[in-house]
Amino acid sequence: MNILAIDTSCDDTSVAITEDRKLLANVFWSKIKTYEKWGGVVPSEAKRQHIEFLPKALEKAFEDVNAALNQQPQSKNPKSKFTIENIDSIAVTYGPGLAIALESGIQTAKNLAKKHNKKLIAVNHMIGHIYSNLVLDENGKSYSGVDEFEFPLLALTISGGHTDLYLMHNHFDFNHIGYTIDDAIGETFDKVGRMIGLPYPAGPKIEKLAQEGNEDAFKFPRPMSNSNDYLWSYSGLKTAVLYTIKKLVDEYEDKPQKKKFKVEDLSEKLTDQQIKDIAASFQRAAVEALLIKVKKALVEFNPKMLVVGGGVIANSYLREKLQAECEKKDVPLYYPKPIWLCTDNAAMIGVTGYYYAKYNKFVENIDELDRIPNLRI
Ligand code: KG4
Ligand code: ZN
């Protein structure tokens, strides 16, 4: 089954073509730099970018498939061109995400489906992050190392907007057992990053700085670590980092800072080493707070595997710590190894679409499909 997939949930314009679980083409268009000065994504800018880039990204995706086909020595009929006529269904993210950004992808997908008489599949972006583990490369090899999901499994989604844990007993059978009661883990990386002068998205930059910092330099809390549940809370950690920074700045300026909570760039008044130590100590606290609950769930549910998706699993410090815990509990751990498959992408939407199709989950009335910005699993 060939699927043309589109994801415009946030600021990346992304289009992919998949054949069952195999990725044939994967195109990204991102102009993230425009957001740096704002410290976050500007929805109207994201929308403008999607409208401008979607046609080019679609064209490039078909070009890439054709280029790959022509390179194959065994190609039986090199003259035949792969076009939208070779596509069976169109899969598009309909939520969660930024409303006006989602809208661009949905409109494009609807138009294409109607014009070319294709079935439409509306994909939940967060299910996409979980199923990103099932994407295969052009040789049919899994990017995460997992051949198929084995149930029951635990699925952890950690991104800019989500920190969630699900127990799955089958495909599309999600039992939501854990979530954050305030900020998401990725959002916390971004906000702490802002305090130490890092542009959005700050996660990768914090990871890099942390490598040169002392993770024992500051004692930050691991909120909710003693609660007997699968809830997380990151806003207290964020506040603790801010107060630590304000204290350092007080010492620097020899006068107390305003106590009001505000995420702001205070990096000018910090030394490079202080910034690195804050990054390392914060990263450790954020990761440990996550792991406390994951460890507990591994024991309670004894899953066949733990699968992880979302931008934050790009973090190699987290990868190592999580791997060590899973080995202790003898639970196989899977996450997409390439960073582009952890952060937002359409490849995962194509493969998730393939599973939707297998379970006959097509959009019944194309005109009625609407974005759902706060869609849940
Ligand atoms: O999945 P994603 O691309 O978009 C959402 O659906 O939210 O995740 C983006 C989030 C951002 O908050 C970003 O700072 C975080 O993932 N992130 C990281 C790393 N790379 C991306 N956080 C920590 N360490 C990283 N290396
Ligand atoms: Zn995402």
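The legends below describe close-up views of a predicted model.

**View 1. Helix α7 packed against helix α8.** In this predicted model, helix α7, which spans residues 235–253, and helix α8, which spans residues 272–301, have axes that come within 11 Å and cross at roughly 160°. Angles over 145 degrees count as roughly antiparallel, and α7 and α8 are therefore roughly antiparallel to each other. The crossing in which α7 passes α8 is right-handed. On the α7 side the contact is made by L237, V241, I245 and L248, and on the α8 side by Q274, I278, F282, A285 and A286. By residue class, the contact of α7 with α8 comprises 8 nonpolar residues and 1 polar residue, with no charged residue.

**View 2. Helix α8 packed against helix α9.** The axes of α8 and of helix α9, residues 316–329, come within 10 Å and cross at roughly 25°. Angles under 35 degrees count as roughly parallel, which makes α8 roughly parallel to α9. Here too a handedness can be given, with α8 passing α9 in a right-handed crossing. From α8 the contact draws on Q283, R284, V287, L290, L291, V294, K295, L298 and V299, while α9 supplies Y317, L318, K321, L322, E325, C326 and K329. The residues of this contact of α8 with α9 divide into 10 nonpolar, 1 polar and 5 charged.

**View 3. The second largest pocket and its lining.** The second largest pocket holds about 350 Å³ of space. Its lining consists of N2, E19, K22, L23, L24, V65, A68, L69, Q72, F82, E138 and N139. Strand β3 (22–29) and helix α2 (43–71) each supply at least two residues of that lining.

View 4. Most peptide bonds are trans. The bond from F151 to P152, however, is cis, with omega near -5°, and P152 lies in the loop that connects α4 (125–131) with β6 (153–158). The peptide bond from Y200 to P201 is likewise cis, with omega near -5°, and P201 is placed in the loop between α5 (185–195) and α6 (203–210).

**View 5. The backbone at N117.** Most residues other than glycine have a negative phi. N117, although not a glycine, has a positive phi of about 60°; this residue is found in the loop between α3 (99–115) and β5 (119–124).

Conventions
Residues numbered from 1 in each chain as written. Chains lettered and ligands numbered in written order. Predicted model: local features only at pLDDT ≥ 70, side-chain atom pairs only at ≥ 80, totals over all residues. Heavy atoms only, no water. Axes fitted to C-alpha atoms, helices over the stretch in contact; angles between N-to-C directions. Helix = DSSP H or I, 4+ residues; strand = E, 2+ residues; numbered from the N terminus. Parallel < 35°, antiparallel > 145°, perpendicular 65-115°, else oblique. Left-handed = near helix turned anticlockwise from the far one by under 90°. Contact = heavy atoms within 4.5 Å. Nonpolar A, V, L, I, M, F, W, Y, C, P; charged D, E, K, R; others polar. 1 Å grid on protein atoms, 1.4 Å probe; cavity = no way out; pocket = protein on both sides within 12 Å on 5 of 7 lines; lining within 4 Å. Points joined across faces, edges and corners; volume = space filled by probe spheres on them.
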